[in-house]
Amino acid sequence: MDTQKNKATLLLNHATTLNLHTGNLVNRSRLKKKCPSSPSEELQDCIRATLSEWSAAIPPTLENELPNILDCAITQATDTITPEEREELKVSAKLFISGSDCPAIRNAVDMACLSLGVSQLDSVIIAPPPLPEGDSLTLVHLQPLWAVLESLVQSLKIAAIGTSDLDKTLLEQLYNWAQVKPSSNQVNLASCCVMPPDLTAFAKEFDIQLLTHNDPKELISAASFQEAVQEGTEDLQVADWGLEWVLRYSVIVKSRGIIKSKGYLVQAKRSSL
């Protein structure tokens, strides 16, 4: 086991990019036993458990390699979608990006398609990146991110795109500006117990589905992410690792409305070497 830990530390200390896939959480007995109190806690648990299990089972093929881009995944826990079952399934995702890095969006969608074995995601909702204290979200913040999503719709990587936490004014501004219109908008019921009437009326008029969620503004803090990585790898120095994005996906059987699989994809990069 010590040899495996040393190997994991060597690989992680050399890599500049870390791609982590939790695999299908529906099948992960280690995680099913726990009932996380929040989406943030669930993600922390997933990062910790995935890194721990990956560290204990690094394939021999990596013994003589030190890749710059390190893929940490639990192969046996990953469910890919076969062409035969694709029509029966709806693949949805919510993307949390740490900043205004537009290439991160395409990167996350490509990785999701590759990990799940599909050519297209049925829907992607983007969560606005956290802003400095005192700043308010505006159309200017959203436009570059939305333009990337539109290009992914046009290239058939995504079928429908949606937003999160936009009030009526901002949703209307985005709708009027966008070439590909938002198909949905998520509302956090923790900050708003009842759907605002003006938002409901606008969404109804323009056929925008209003959904609810309980995600915090920042899905996982930098400190919590580094803590989860450190605990998952046991003593790895993680101060220079920063989270780029998190993509949470779910695969639902359309005819039965049940979740076949769900999980997280995470990318982090080292800021200094």
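**Exercise 1. Find which residue just after α5 takes a positive phi.**

Step 1. Locate the helix. α5 covers residues 139–154. Helices here are DSSP runs of H or I with at least four residues, strands are runs of E with at least two, and both are numbered from the N terminus.
Step 2. Leu 156 has a positive phi of about 65°.

A note on the source: this is a predicted model, in which local features need pLDDT of at least 70, side-chain atom pairs count only at pLDDT 80 or more, and totals for chains, interfaces and linings use all residues. Residues are numbered from 1 along each chain as its sequence is written, and side-chain values use heavy atoms, with hydrogens and water left out.

**Exercise 2. Check the span of α5, then find where α5 bends.**

Step 1. Get the expected span. The rule is 1.5 Å times one less than the number of residues. α5 has 16 residues, so it should span 22 Å.
Step 2. Compare. The end C-alpha atoms are 21 Å apart, which agrees.
Step 3. Look for the bend. α5 bends by about 25° at Leu 145. The bend is the angle between axes fitted to the seven residues ending there and the seven starting there.

**Exercise 3. Say what covers the buried residues of α5.**

Step 1. Pick out buried residues. Buried means under 20% relative accessible area; exposed is over 50%, and partly exposed lies in between (1.4 Å probe, protein chains only). Among them in α5 are Leu 145, Trp 146 and Leu 149.
Step 2. Name the cover. It includes β3 (89–97), α4 (103–116), β4 (121–127), β5 (158–164) and α6 (168–177).
Step 3. Zoom in on one residue of β4. Ile 126 lies in this strand. Ile 126 is buried, with a relative accessible area of 5%.
Step 4. List contacts (heavy atoms within 4.5 Å). Leaving aside neighbours within four places in sequence, Ile 126 touches residues including Leu 145, Trp 146, Leu 149 and Ile 97.
Step 5. Compare sequence and space. Ile 126 and Ile 97 are 29 residues apart in sequence, yet 8.1 Å apart C-alpha to C-alpha.
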